[in-house]
Amino acid sequence: MRIGIDLDGTIADNLELLVQTMNHYCSKDLCGEEIYQYNLCEVYNIKEEQFIQLMEEKEEEIIIKSPIISFASESIHKLVLEGWEVHIITARSPRYQGATEKWLQEKEIPFTGLHLLDSHNKLEICQQLGVKLMVEDNIHNAYQLNGGGIPIILFDAPHNRHWPWQGIRCKSWQEIYSFVKNHRFCP
Ligand SMILES: [Mg+2]
């Protein structure tokens with residue numbers, strides 16, 4: 001049975017580096033907890049072209065330097081041992097394939113598939129793969145996937161806390177693991 005797992009904000013803790021980068025660019029001093037929505041252009045009041053240009057310059061460095069979220073590696077290892085096939089499904093561009101693979105290897109994340117979509121539209125790949133469950137922190141992706149019939153565990157983050165969500169919300173990888181193990185989902 002397949003589980004889909006998002007990367008940024010779910011396995012890789014990129015929020016603080018992203019906020020530092022944005023603060024520097026915009027001469028502001030926000031902290032991660034103040035990022036109340038996923039769209040940083042709106043949070044920082046900049047144009048999308050500016051954000052795209054900034055990410056052209058900084059994204060690879062953020063990818064390389066992001067720490068791993070606590071207990072992600074251990075929990076994903078346990079899921080694999082219990083029979084889950086792990087597919088990492090990310091909106092990152094395929095140009096970061098090498099940096100992403102290196103990071104996943106360094107952080108000892110086991111996976112069968114790595115899908116760099118260069119898009120936030122994850123529904124098609126989830127349906128193609130037949131993922132039984134997706135772990136995701138982007139509330140907009142969660143809405144879309146949920147609407148398409150993919151069960152979601154929403155990974156809690158400052159940018160998704162203020163949006164309505166009737167489904168499962170987990171604050172840690174221990175919680176995610178316990179939920180998968182103890183509830184409806186069996187590989
Ligand atoms: Mg994410």
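The UniProt annotation "active site", from an unreviewed entry, covers Asp 6 and Asp 8; UniProt positions follow the numbering used here, feature names are shortened, and annotations may be inferred rather than shown by experiment. This is a predicted model, in which local features need pLDDT of at least 70, side-chain atom pairs count only at pLDDT 80 or more, and totals for chains, interfaces and linings use all residues. Residues are numbered from 1 along each chain as its sequence is written.

**The annotated residues**

- Asp 6 is in the loop between strand E1 (2-5) and H1; helices (H or I, at least four residues) and strands (E, at least two) are DSSP runs, numbered from the N terminus.
- Asp 6 is buried, with 22 other C-beta atoms within 10 Å (buried: 20 or more such atoms; exposed: 12 or fewer; partly exposed: in between; C-beta atoms are placed from the backbone).
- Beyond residues up to four places away in sequence, Asp 6 touches residues including Ile 89, Val 135 and Asn 138 (contact: C-beta atoms, placed from the backbone, within 7 Å).
- Asp 8 lies in the loop between E1 and H1 and is buried, with 20 other C-beta atoms within 10 Å.
- Neighbours within four places in sequence aside, Asp 8 contacts Asn 14 and Thr 90.

**Helix H1**

- The buried residues of H1 are Leu 15, Leu 18, Val 19 and Met 22.
- These buried residues fall within an arc of 95 degrees seen down the axis of H1, so they line one face of the helix (the arc is that of the directions from the helix axis to the C-beta atoms).
- The buried residues of H1 pack against helix H2 (40-44) and helix H3 (48-65).
- Just after H1, Ser 27 has a positive phi of about 50 degrees.

Technical notes:
Two residues are in contact if their C-beta atoms, placed from the backbone, lie within 7 Å.
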